[in-house]
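This briefing goes through one protein structure, topic by topic. Please have the sequence and the coordinates open while reading.

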Amino acid sequence: QVQPVESVGGLVQAGGSLRLSCAASENIFSHLAVGWFRQAPGKEREFVAAISRTSLNTYYSDSAKGRFTISRDNAKNTVYLQMNSLKPEDTAVYYCAAGLGYSDPRRYDHWGQGTQVTVSS
């Protein structure tokens with residue numbers, strides 16, 4: 001398994017919650033930071049959250065701060081994105097990526113295929 005694989009997203013009502021997971025082979029996750037990005041129709045891909053290799057540091061976009069939580073379980077080679085208080089504007093394809101970390105997508109070399117999250121009003 002060379003690239004990260006996101007869990008299936010889904011359809012949720014505004015105000016609801018959804019947890020995404022991202023799994024990859026050990027040689028990708030064990031040495032790399034992991035980030036979540038999203039892309040809505042007609043918009044550029046944007047940073048959502050990132051977590052360092054040891055979970056010591058986490059970073060969030062302003063829109064995600066206070067509502068989303070990123071975490072990782074290195075024993076399971078899995079990273080999670082818990083999304084609460086979802087809004088229709090959170091509707092997007094969500095991507096998991098592994099790399100050097102933080103918010104710049106150019107710092108990430110391994111990308112998942114993406115998973116659709118739709119929030120209805």
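Leaving aside neighbours within four places in sequence, which residues is C22 in contact with? They are P4, V5, E6, F29, W36, N77, T78, V79 and C96, where contact means heavy atoms within 4.5 Å. The structure is a predicted model, in which local features need pLDDT of at least 70 and side-chain atom pairs count only at pLDDT 80 or more, while totals for chains, interfaces and linings use all residues. Residues are numbered from 1 along each chain as its sequence is written, and side-chain values use heavy atoms, with hydrogens and water left out.

**C22 and its strand**

- C22 sits in strand 3, residues 18–23; strands (E, at least two residues) and helices (H or I, at least four) are DSSP runs numbered from the N terminus.
- The relative accessible area of C22 is 0%, so C22 is buried; buried means under 20% relative accessible area, exposed over 50% and partly exposed in between, with a 1.4 Å probe and protein chains only.
- Strand 3 has a covered face made of L18, L20 and C22, and an uncovered face made of R19, S21 and A23.

**The disulfide**

- How many disulfides does the structure hold? It holds one, a disulfide being a pair of cysteine sulfur atoms within 2.5 Å.
- The disulfide is formed by C22 and C96, whose sulfur atoms are 1.9 Å apart.
- The link of C22 and C96 is left-handed, with -80° about the S-S bond.
- Because C22 lies in strand 3 and C96 in strand 9 (residues 92–99), the pair ties together parts that are 74 residues apart in sequence.
- A disulfide is a covalent bond between the sulfur atoms of two cysteines.
- C96 is also buried, since its relative accessible area is 0%.

- Four strands form an open sheet in the order 1-3-8-7, with antiparallel pairing.
- Strand 1 and strand 7 are the edge strands, each pairing on one side only.
- Two strands pair if DSSP finds at least two bridges between them, and strand 1 (residues 5–6) is joined to strand 3 by two bridges in the antiparallel sense.
- The bridge partner of E6 in strand 3 is C22, and V5 stands opposite A23 in strand 3.
- Strand 3 and strand 8 pair antiparallel over six bridges; R19 has Q82 as its bridge partner in strand 8.

**Strand 4 and its partners**

- Strand 4 (residues 33–39) is mostly covered, with six of its seven residues buried.
- Strand 4 runs antiparallel to strand 9, and seven bridges join the two; Q39 stands opposite V93 in strand 9.
- Strand 4 also runs antiparallel to strand 5 (residues 46–51), joined by five bridges.
- W36 has A49 as its bridge partner in strand 5, and W36 is among the contacts of C22.
- The hairpin of strand 4 and strand 5 has six residues between the strands, and in it G42 takes a positive phi near 80°.

- N77 is found in the loop between strand 7 (68–73) and strand 8 (78–83).
- N77 is buried, because its relative accessible area is 16%.
- Not counting residues up to four places away in sequence, N77 touches C22, A23, A24, E26 and F29.
- Is N27 buried or exposed? N27 counts as exposed, because its relative accessibility is 59%.
- N27 is in helix 1 (residues 26–29).
- The C-alpha atoms of N27 and N77 are separated by 9.2 Å, and the two residues are 50 residues apart along the chain.

**The largest pocket**

- The largest pocket has a volume of about 160 Å³.
- Of the 13 residues that line the largest pocket, R38, A40, K43, E46 and E89 are the closest to its centre.
- A pocket is an open set of points, on a 1 Å grid over the protein atoms alone, where a 1.4 Å probe fits, with protein on both sides within 12 Å along at least five of seven lines; lining residues have an atom within 4 Å of a point.
- Grid points are joined across faces, edges and corners, and the volume is the space filled by probe spheres set on the points.
- The lining divides into two nonpolar, three polar and eight charged residues; Ala, Val, Leu, Ile, Met, Phe, Trp, Tyr, Cys and Pro count as nonpolar, Asp, Glu, Lys and Arg as charged, and the others, Gly among them, as polar.
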